[in-house]
Amino acid sequence: MKIKNIIIASIVFFSSLFLYACNSSTEEVKIYNTTDLHSHFTKQMKNEIKKIDRKNSILIDAGDTVDIQTVDDSQWSSGEKSLGYLDNIVGGNVVEKIKKPMEGLSPISKELVNAKYDAAVLGNHEFYLPPDALKDLIYNYKKNGLNILSANTFFNKEYINSSKDERISEPYVIKEVPNKSNAIKIAVVGVTTNTINEEEAFKDGKEKFSDDVYIQNNPNYKGKFYMTDMVDESIKVVKEVKEKENPDMIILVAHSGEKPKIPRHSGNRIQELAKKVPYVDLIIAGHTHEFIDQHEYTGPNGKKVVVTQSGRHSKGLGESIAKFKFKDNKWKLESIKSKNIKFKTDKNDSEDADFDTSKEENRKKVGFNTVSEEKFRKLVKDNKNVVLKFNILSDKKISFPKDSRVILEQEYFAEKENEYIYYLTTRDLDLAKKYTQLYSKK
């Protein structure tokens with residue numbers, strides 16, 4: 001009888017130890033982030049992401065992913081391959097039409113899908129795409145298993161043939177990170193700056209603002225997409241997440257910078273988000289291309305809010321280590337430590353300035369080899385998909401004659417220069433020269 005009691009007592013004792021150990025265990029979750037890639041995804045970035053243990057981590061992008069700052073993404077956007085540059089024609093770009101523009105996922109979007117990002121937020125640069133192209137891109141992200149987030153962006157019901165306006169995506173995603181005991185539940189909420197087209201605050205010495213910076217007032221997007229205020233929507237969605245999901249940690253990913261640049265129309269509202277949105281533990285920022293290892297604010301519920309940001313153009317990967325302790329049958333967030341893993345500049349990776357093809361040294365880097373007139377004429381003769389794209393700069397509005405040999409692609413008035421810019425396409429070099437002589441401002 002004594003032996004039986006000893007065995008039972010031992011079982012109870014060791015069970016208690018086991019339960020205590022489980023109830024006081026600690027775990028780490030690593031949150032990795034990129035932002036403002038602008039179509040750059042270098043070998044350094046790929047190699048660093050391959051090192052990540054994806055079982056106990058989250059990988060997020062904070063927006064401005066799609067752009068035309070690399071040759072591959074430029075070709076995806078235009079559907080054209082650049083063959084060279086004609087010096088004696090303004091903007092004389094010789095191209096071969098290779099496919100339908102903006103079809104499927106862009107090359108940088110494929111990189112995010114292949115790297116198995118858990119979520120990506122829309123930035124303001126995604127809205128530089130035509131509305132239909134952006135709608136297709138969002139669809140293709142979802143089709144390929146990548147959660148695209150922008151809780152404050154909506155489709156107008158007429159645009160999507162619906163009975164009501166709808167968000168372009170789910171407002172948040174839940175990621176459960178497995179461990180030895182209960183999984184750690186993390187909510188990721190994404191929002192986008194609602195000032196898409198930033199403008200100079202001053203003109204002719206006077207402060208100037210225009211509501212055209214809002215996406216719903218943009219002529220291309222009006223009646224198709226609109227955005228609510230990112231701070232108000234964040235408060236609403238985070239409260240919903242807290243009530244419905246009761247996660248162990250809430251991450252707010254905002255394509256927005258830390259500090260305002262101009263008083264009224266500023267896309268930089270991270271400080272406001274940190275101080276006004278309840279329950280948030282970590283804010284991942286973007287938009288301003290800055291590196292922020294760790295800035296701390298006090299949220300409305302008195303808790304510490306950590307802000308981090310990982311630069312631009314695939315030059316760094318943000319890493320936040322969140323430590324949790326399992327207590328009273330629930331995970332409690334104990335601390336967050338954030339830093340940036342910075343990379344050296346890859347000399348083979350093109351930058352924004354490289355696309356200024358007026359500079360000779362930039363042309364080869366982005367595929368703009370010099371093309372002679374003789375070579376162009378031969379290219380046109382041999383390939384029906386080769387065309388010359390050129391520009392007319394004029395100080396007055398032009399009505400071009402009807403001529404099937406020249407296509408007017410776009411007309412643009414540059415207010416700063418007080419000039420009209422016309423983008424034209426032709427296969428007839430002599431006609432391009434004639435148009436340039438007749439219509440360009442002297």
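In the predicted model, N194 touches N152, V213, Y214, I215, M227, T228, D229, M230 and R269, residues up to four places away in sequence being left out; contact denotes heavy atoms within 4.5 Å. N194 is placed in the loop between strand 10 (184-192) and strand 11 (202-203), strands being DSSP runs of E of at least two residues, numbered from the N terminus. With a relative accessible area of 9%, N194 is buried (under 20% relative accessible area, 1.4 Å probe, protein chains only). Residues are numbered from 1 along each chain as its sequence is written, and side-chain values use heavy atoms, without hydrogens and water. Because the model is predicted, local features need pLDDT of at least 70 and side-chain atom pairs count only at pLDDT 80 or more, whereas totals for chains, interfaces and linings use all residues.

The whole structure contains 14 aromatic pairs, defined for rings of Phe, Tyr and Trp (its six-membered ring) with centres within 6.5 Å; planes under 30 degrees apart count as stacked, over 60 as edge-to-face and the rest as tilted. The ring centres of F400 and Y422 lie 5.1 Å apart with planes at 85°, so this pair is edge-to-face. The pair links distant parts of the chain, 22 residues apart: F400 lies in the loop between strand 20 (386-394) and strand 21 (406-414), and Y422 in strand 22 (residues 419-426). F400 is buried at a relative accessible area of 19%, and Y422 is buried at 0%. One aromatic cluster is formed by F400, F413, Y420, Y422, Y435 and Y439.

Note on methods. Helix = DSSP H or I, 4+ residues; strand = E, 2+ residues; numbered from the N terminus. Buried < 20%, exposed > 50% of the residue type's maximum accessible area, 1.4 Å probe, protein only.
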